[in-house]
Amino acid sequence: MIGRLELRDVGVRRGGRQLFSGLSLTLAAGEACALTGANGAGKTSLLRAVAGLVGLEAGEIVFGGVEATEARGGGLHLVGHQDGLKPARTTREELEFWSVWSGGTEASAQDAAQALDLTMLLDLEVRRLSAGQRRRLALARLLAAPRPLWLLDEPLSPLDAGWRTRFGAIMRAHLDGGGLILAAVHDPLPIDAKGLEIGA
Amino acid sequence: MSRLGALLARETALAWGRGGGPLVSVGFYAGVATLLPLAIGPEAERLAAVAPGAAWVALALASLLSLDRLFERDYEDGALDHLALSPVPLELTCAVKCAGQWLATGAPLALAAPVAAIALGAPMALTPLILACALVGGLAFAFTGGIGAALSLGARRGGLLTAVIVLPLFVPPVIFGGGALAAFAGGLPWAPGLALLCAYGAAAVALGPLAMAAACRNALS
């Protein structure tokens with residue numbers, strides 16, 4: 001269980017360009033942080049660096065209580081623009097596969113589908129989903145397999161007003177259960193969150 | 001274990017639908033096998049002499065067809081990120097992806113191989129050996145092909161690049177398998193060729209995933 005996320009003087013360089021450096025943040029269990037910054041400032045790269053998909057140029061990232069490989073192996077979810085969903089497969093196939101792959105079960109996938117109101121869409125191919133429905137399917141992975149740290153990249157953008165509120169409640173429940181959320185956003189999060197601006 | 005089972009089911013289903021899947025591969029294979037008599041002439045003796053080798057080379061080419069999308073799609077749509085964020089080592093994930101590729105295209109092609117060889121005039125007695133060679137060879141093609149597919153991630157025209165990287169790796173199985181078939185047809189001992197093919201297949205299964213995972217990590221970062 002990840003009890004804390006700590007970024008210490010983190011710097012990331014991509015494609016020969018320094019995106020940011022000297023970034024520090026401490027996030028305790030039950031806390032959320034809204035990551036802001038202009039387009040191209042490096043919000044997505046920072047999330048990917050926390051997930052271990054992008055290497056750090058400087059500094060370190062510490063997960064309180066667990067080894068980094070263990071934390072990245074089963075302790076965090078990353079939801080980004082690229083949702084990894086295959087257009088030709090059905091919603092059910094994708095949700096069940098990703099649920100099992102992330103450490104959940106087919107039953108927990110059902111519960112997640114219910115929480116995100118996807119039950120009626122389960123037999124549809126992913127290509128037939130609207131952008132908002134598709135995002136809800138990507139977010140359902142968060143609930144299908146419980147992992148403490150959520151890395152969210154503009155999770156709300158395709159959602160309508162009603163769903164933004166409902167997903168706010170889902171995030172709050174996750175925090176109340178001792179989870180951590182690091183979210184890159186342009187609009188304010190519908191929950192209490194720290195702020196961290198990149199490139200300020 | 002259920003993770004890997006789910007992944008194998010997904011990969012096989014995706015490979016089945018990828019680029020037309022086994023039907024297109026088998027169709028391509030049949031097309032190449034049909035072109036051959038048109039090029040070298042229809043005399044039965046001449047065709048029969050080259051039939052096993054021709055069926056074998058065509059098999060290697062047909063195995064290339066759907067390889068380029070093995071990692072490319074997962075890379076483009078972000079699925080590779082999610083596959084990497086798992087307690088399952090990326091090496092094992094890559095191995096399962098290749099196994100799915102083999103189940104969906106290698107195995108159907110292996111079933112088509114004896115048919116193509118016999119249609120070209122190879123003796124019926126060759127059927128079990130060419131099937132065995134095609135099954136083992138297909139495994140080697142899938143696992144060495146995966147290396148090319150992973151290395152060409154993110155490159156434009158990745159399919160062509162995959163073929164150029166992979167074809168040299170196909171040389172040993174083509175030599176070993178073709179040698180075993182030619183030896184059998186000539187009444188010589190064929191077992192060493194098959195044994196070498198199996199050894200190459202085993203090496204590809206053992207070492208290929210290490211290279212694939214390293215190439216995938218490199219592409220993701």
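Five strands of chain A make an open sheet with parallel pairing, in the order E5-E6-E7-E3-E8. Strands and helices here are DSSP runs numbered from the N terminus, with at least two residues (E) for a strand and at least four (H or I) for a helix. Two strands pair if DSSP finds at least two bridges between them. The model is predicted: local features need pLDDT of at least 70, side-chain atom pairs count only at pLDDT 80 or more, and totals for chains, interfaces and linings use all residues. Residues are numbered from 1 along each chain as its sequence is written, while chains are lettered from A and ligands numbered from 1 in the order in which they are written.

A second open sheet in chain A has three strands in the order E2-E1-E4, with antiparallel pairing. Its edge strands are E2 and strand E4 (58–64) of chain A, each pairing on one side only. The twist averages 15° from one strand to the next. Strand E1 (residues 4–14) and strand E2 (residues 17–28) of chain A pair in the antiparallel sense over eight bridges. Leu7(A) stands opposite Leu25(A) in E2(A). The hairpin of E1(A) and E2(A) has two residues between the strands, and Gly15(A) there takes a positive phi near 55°.

The angles in the table run from 0 to 180 degrees between N-to-C directions, with axes as lines fitted to C-alpha atoms, for helices over the stretch in contact. Two residues are in contact if their C-beta atoms, placed from the backbone, lie within 7 Å.

| Helix of chain A | Strands it lies across | Angle |
|---|---|---|
| H5 (residues 131–144) | E5 and E6 (149–153) of chain A | about 175° to E5(A) |
| H6 (residues 161–176) | E3, E6 and E7 of chain A | about 140° to E7(A) |
| H1 (residues 43–50) | E1, E2 and E4 of chain A | about 125° to E1(A) |

The domain assignment of chain A gives domain 1 (1–75 + 149–200) and domain 2 (89–146); such bounds come from an automatic or database domain assignment. The centres of domain 1 and domain 2 of chain A, taken over C-alpha atoms, are separated by 23 Å. Their contact takes nine residues from domain 1 of chain A and eight residues from domain 2 of chain A. On the side of domain 1 of chain A that touches domain 2 of chain A, the largest share, three residues, comes from H6(A). By class, this side of domain 1 of chain A has seven nonpolar, one polar and one charged residues. Ala, Val, Leu, Ile, Met, Phe, Trp, Tyr, Cys and Pro count as nonpolar, Asp, Glu, Lys and Arg as charged, and the others, Gly among them, as polar.

The contact between the chains takes 19 residues from chain A and 18 residues from chain B. On the side of chain B that touches chain A, the elements giving two or more residues are helix H1 (2–17) and helix H5 (79–84) of chain B. H1(B) gives the most, with seven residues. By class, this side of chain B has eight nonpolar, six polar and four charged residues.

The largest nonpolar core has 126 residues, and those with the most contacts inside it are Ala140(A), Leu151(A), Leu182(A), Ala183(A), Ala55(B), Leu59(B) and Ala113(B). Such a core is a set of buried Ala, Val, Leu, Ile, Met, Phe, Trp, Tyr and Cys residues joined through C-beta atoms within 7 Å. Helix H7 (residues 127–151) of chain B supplies the largest share of this core, 14 residues. Not counting residues up to four places away in sequence, Leu59(B) touches Tyr29(B), Leu109(B), Ala113(B), Ala134(B) and Gly137(B).

Leu167(B) lies in helix H8 (residues 158–185) of chain B. Leu167(B) counts as partly exposed because it has 16 C-beta neighbours inside 10 Å; 20 or more other C-beta atoms within 10 Å make a residue buried, 12 or fewer exposed, and counts in between partly exposed, with C-beta atoms placed from the backbone. From Leu167(B) to Ala182(B) the separation is 15 residues in sequence and 21 Å in space, C-alpha to C-alpha.
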